[in-house]
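Good morning, everyone. Please have the sequence and the 3D view open while I talk.

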Amino acid sequence: MTTGISRSVPRVDAYDKAAGITRYIADIPVAGVCYGKLVRTSISRGTILDIDVPELPEGFWFISEGDIPEGGRNRIHMIKEDWPVFTNSEVRFYGQTIGILVGPDREQLIALADAVRVTYREQEAAFTIEEGLACRGGALHGDDNLFADYCLVKGDPESAFSRAHRVIEDVIETGFQEHVYMEPQGITVEEQDGKIVIHASCQCPFYIRKAVAPSLNRSLDDIIVRQAVTGGGFGGKEHFPDIIASAAAVAVTKVHRPVQVIFDREEDMCYSTKRHPSQVIFKTALDSENRIIGMDIDARINAGAYESCSPVVLQRLIFSSNSVYDIPNVQLRGRAVATSTIPSDAFRGFGAPQGIIAAELHMSHIAREIGMDEVELKRSLMVSKGSRTITNGTIHETVKLHEMWQRIAEVSGWHEKKSRYAPGSGRGMGAAFYLHGGGFTGSGEQDIIKARVRMVKRDDGIVEILLSNVEMGQGLQTTFRKIAAQVLDCDYRDILLADPDTDRVPDSGPTVASRSIMIVGRLVQLAAEQLKHKLHEPGAQESEAAYTQPPGCHWDQETLQGDAYPAYGWGICVIETAVDPDTCEVETLGVWTIHEIGKAIDEAIVHGQVTGGVIQALGYGSLEKLELKDGKFFQHTMADYIIPTTLDFPGVYSELVENPYPYGPFGAKGLGELVFDGAAASYAMAVQHAVDRTVSRIPVTPEYIMELKTHG
Amino acid sequence: MTDSYYPKSLSEALELRRETGAIPFAGGTDLMVRFRAQAGTLPKLPHPVLFLGHLEELRQISMDSSGTHIGASALLSDIGVSEHVHPMLSETVMLMASPPLRNLATLAGNIGNASPAGDAVCSLIALDASVVLASLSGERTLLLEEFITGPGKTVMKSDEFIREIVVPADQPDRYWYRKVGTRKANALSKLSLSAMATVHEHRVQDFRAAFGAVGPVVIRRRDLEAQVRGMTLDQLSRETEGIVDAYRPHIIPIDDQRSQAVYRLQASLNLLRRWIDLLMQGG
């Protein structure tokens with residue numbers, strides 16, 4: 001039986017959520033509320049010539065660029081000043097916000113929004129990566145449509161390619177993915193005591209504050225963000241709430257009433273951000289004994305119409321594009337391409353899944369080409385402690401992938417099945433190896449986030465944790481309490497931890513990047529250790545912990561050289577499939593995973609994350625087709641955009657290997673995204689084995705498999 | 001607001017239907033989705049509605065010498081477990097939607113909606129099912145194939161509604177139902193096949209194949225079925241590719257959000273070929 005901190009406890013939020021007691025933002029009535037309805041562009045690129053708003057009944061307003069308070073910026077501050085709050089001229093994508101209609105009646109708002117007439121001068125638009133690179137219709141951004149253009153060099157690739165006996169070329173592609181958080185986007189903005197208070201279903205309360213303040217020309221302290229109970233985020237509530245909050249906040253400064261914007265599912269699917277589609281082109285140099293001696297990688301992502309966090313997503317993609325392999329000589333170019341689609345944004349994995357899928361599929365294709373077992377090829381190149389990364393940094397930790405492989409091969413029956421299922425027999429096995437760097441990329445934690453956690457013992461002796469990371473289903477309300485309780489030697493349920501309010505809590509950073517436990521949890525531990533000494537002193541006591549970079553980590557953000565991440569989580573996912581010979585439908589017969597995340601803070605929560613992440617990745621890899629048609633998403637209802645049900649995949653076998661990380665709480669590292677990174681690749685390789693065809697893109701739909709079988 | 005009528009009996013329902021032309025509404029699982037409006041607002045039903053789901057007279061499932069009678073408002077969840085219902089129909093129904101939807105949805109609704117992807121319609125057409133249309137002027141019975149004329153189109157008159165569905169008692173010995181959905185549950189069909197046959201002493205005595213979601217209506221070709229009837233299994237084996245080719249021009253799917261025409265055609269023909277193989281193997 002598991003003991004210590006890993007032993008599972010009842011989650012503090014579970015009962016109320018399961019029983020339907022928890023109230024989400026749309027469930028909370030607001031006195032005197034005005035509902036907000038966004039009015040959006042109906043073309044993908046061009047210029048607005050005229051906006052004709054119908055005569056509005058009393059109590060209704062149309063808020064647009066001209067309503068931004070004096071001195072306010074019509075730009076939403078994300079990583080930098082980015083999307084306009086409202087456009088009144090340039091149109092860069094379908095569904096861009098022109099204005100917001102507010103009023104007390106939703107039916108009337110819909111009718112009024114339908115009656116707004118916008119005249120445009122339309123322009124040719126680029127939607128795909130290729131069209132973006134070709135600057136179709138003229139460049140949308142700069143003169144080359146590139147939000148970012150990075151190069152990496154490891155070793156001496158030029159010499160490797162000059163020595164090459166043969167070069168294997170490959171193109172791996174991934175598509176859009178919709179988050180389908182359980183609760184659609186929602187926000188309520190109101191004035192209180194001269195300040196603007198924003199209640200949001202969100203991941204990053206301090207991001208919203210930073211985004212909104214410049215548009216209102218107010219100080220950061222004038223904006224208060226209170227996280228509402230959040231029904232799932234997956235990255236979709238990292239930046240997108242900024243978009244709605246900015247528009248609603250401008251409206252509130254005009255109408256002086258609370259404004260609430262709640263999306264329904266279809267609106268959310270049509271107009272919220274998605275995962276970046278990717279295209280990774282490999283050229284791999286082999287010597288005369290078929291050893292990999294060099295690799296040339298050209299990685300492109302479809303960033304959409306505004307920059308958003310695309311450069312950072314691209315960084316994580318390229319830093320993950322050698323996955324767990326130590327490739328001797330590498331040259332890489334990575335580009336974030338502007339197109340007239342809704343800006344792509346954060347999604348669980350943040351570029352790493354695209355990089356890892358590309359690396360895993362490419363390695364399996366090399367193995368097919370040279371007639372080698374793909375797992376043996378991969379194992380021969382695996383990183384270990386001291387290995388050099390693609391950014392010429394160092395793997396600082398012991399890598400346990402070989403022992404993890406022994407274990408997962410055994411429980412999945414890998415060797416027996418792999419030899420029994422002939423390629424093309426209809427049965428297939430796939431194995432993906434992966435890693436995920438915990439925390440912000442590069443020096444982000446140290447230079448940008450600078451997380452702080454405060455802990456107080458009140459007069460009455462009750463301990464409260466103050467930080468800005470949110471519970472969004474991943475269990476933080478429980479795990480943070482457990483970390484503090486373990487240090488303070490008390491019951492985790494006796495510790496207070498409220499949903500964050502930017503007016504009360506220090507900024508411990510956003511709830512993203514698998515950083516909450518590894519980075520912020522560590523600060524909770526440190527703050528608790530400080531407070532422990534003062535716990536029995538009379539009166540209120542307080543402690544605070546601030547982030548410091550682990551020793552020995554070096555990073556240069558200018559050159560992208562050094563340790564991109566201080567530590568990694570590691571994983572292997574094995575999948576067994578059977579492909580129907582008539583319809584190419586795929587039955588997944590088994591899913592086996594093993595992960596090394598340092599130390600589990602709560603085993604049941606970890607297993608929940610593993611199952612959720614793996615199934616979400618399997619949806620991405622098999623079912624979740626999201627196509628653009630004339631700049632609009634073709635699949636925009638739950639009937640057409642297909643996510644898995646409990647019947648689509650079997651239970652996920654999940655095992656953990658411990659390898660405590662000295663700078664994480666009780667040895668814990670990041671987990672939330674790692675568990676998403678490998679399953680789609682594993683699935684694609686299992687299908688590849690079953691049908692004996694080269695699978696080069698996801699989702700691997702029955703339609704794609706049929707195409708492969710028909711045309712090779 | 002939508003006008004709605006809640007009759008207490010079948011006869012009152014027939015009167016209201018004639019008087020108001022209100023659209024028959026049983027479980028509402030199609031209508032409420034089709035006419036949904038945005039968050040926080042009521043559905044925008046363009047016509048008045050006539051609630052029929054609660055009428056006990058329409059919820060019965062019974063059997064007599066002519067076959068199984070399934071009331072228009074019988075729930076899919078009841079049909080799926082009824083001992084009176086042909087197993088191919090039970091299987092079809094239990095693969096439709098999800099348990100909560102099956103607890104509301106009805107067979108008549110699936111028929112009246114007349115979607116080419118309506119799963120029950122495909123199996124019912126293979127089963128030679130009829131619909132009984134009632135109005136104050138009396139009743140008429142039509143083969144389901146004649147009732148549905150196009151996507152969303154039926155020959156139902158404005159004073160009529162479906163009272164029951166009749167599935168003949170006399171059915172082929174064997175059946176095979178394959179739904180190729182967008183996923184394993186709560187899924188719309190990309191394509192489906194409802195196939196039936198009787199093979200006696202190595203000779204095909206009856207052969208039926210109905211294809212769903214691959215044309216404007218469910219595709220069943222009685223002319224092609226007649227050509228297969230009477231074949232010996234040896235002939236069937238030799239003629240397999242000819243039969244598959246004969247069906248090919250009649251399967252005319254489209255590309256849409258859920259699948260592609262080229263896939264739908266190929267998978268449909270593969271399933272037909274598989275069905276013929278199954279007959280030859282006797283398994």
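First, the ground rules. This is a predicted model, where local features need pLDDT of at least 70, side-chain atom pairs count only at pLDDT 80 or more, and totals for chains, interfaces and linings use all residues. Residues are numbered from 1 along each chain as its sequence is written, chains are lettered from A and ligands numbered from 1 in the order in which they are written, and side-chain values use heavy atoms, with hydrogens and water left out.

Let's start where the chains meet. The size of an interface is often given as the accessible area lost when the parts come together. How much do chain A and chain B bury between them? About 2,600 Å², with 49% of it on carbon and sulfur atoms. Buried area here is the accessible area, taken with a 1.4 Å probe, that two parts lose on being put together, summed over both. In chain A, Glu107(A), Asp582(A) and Glu703(A) lose the most area to chain B. Together they make up 22% of what that side buries. The contact takes 30 residues from chain A and 29 residues from chain B. Contact means heavy atoms within 4.5 Å.

A salt bridge is a side-chain nitrogen of Lys or Arg within 4 Å of a carboxyl oxygen of Asp or Glu. Asp580(A) forms a salt bridge with Arg178(B), and the closest N and O atoms are 3.2 Å apart. Which elements give two or more residues to the side of chain A that touches chain B? They are helix H2 (106-115), strand E23 (586-596) and helix H19 (702-711). Helices (H or I, at least four residues) and strands (E, at least two) are DSSP runs, numbered from the N terminus.

Take Lys237(A) and Glu183(A): their closest N and O atoms are 3.2 Å apart. Lys237(A) sits in the loop between strand E11 (223-227) and helix H6 (240-255), and Glu183(A) in the loop between strand E8 (166-174) and strand E9 (186-192), so the pair ties together parts 54 residues apart in sequence. Are these two buried or exposed? Lys237(A) is buried, at 0% relative accessibility. Glu183(A) is buried too, at 9%. Buried means under 20% relative accessible area, exposed over 50%, and partly exposed in between, with a 1.4 Å probe and protein chains only.

Over to chain B. Asp223(B) and Arg221(B) meet in a salt bridge, 2.8 Å from N to O. Asp223(B) is partly exposed at 37%. Arg221(B) is partly exposed at 26%.

Now a buried charge without a partner. Lys418(A) lies in helix H12 (residues 414-420). Lys418(A) is buried yet has no salt bridge. The nearest side chain of opposite charge, Glu374(A), is 4.2 Å away. Lys and Arg count as positive, Asp and Glu as negative; His and the chain ends are not counted.

On to helix H16 of chain A, residues 603-622. Its 20 residues should span 28 Å, and its end C-alpha atoms are 28 Å apart, which agrees. The expected span is 1.5 Å times one less than the number of residues. Of those 20 residues, 14 are buried. Asp602(A) caps the N-terminal end: a side-chain oxygen lies 3.2 Å from the backbone nitrogen of Ala604(A).

Last, two buried residues. Val591(A) lies in strand E23 and has a relative accessible area of 2%. Beyond four places in sequence, Val591(A) touches residues including Val614(A) and Leu618(A). Pro506(A) lies in the loop between helix H14 (476-488) and helix H15 (516-534). Pro506(A) is buried, also at 2%. Its contacts beyond four places in sequence include Phe206(A) and Leu466(A).

That's my tour. Thank you.

How values were computed:
Polar contact = N/O pair within 3.5 Å; in protein donor to acceptor, adjacent residues only side chain to side chain.
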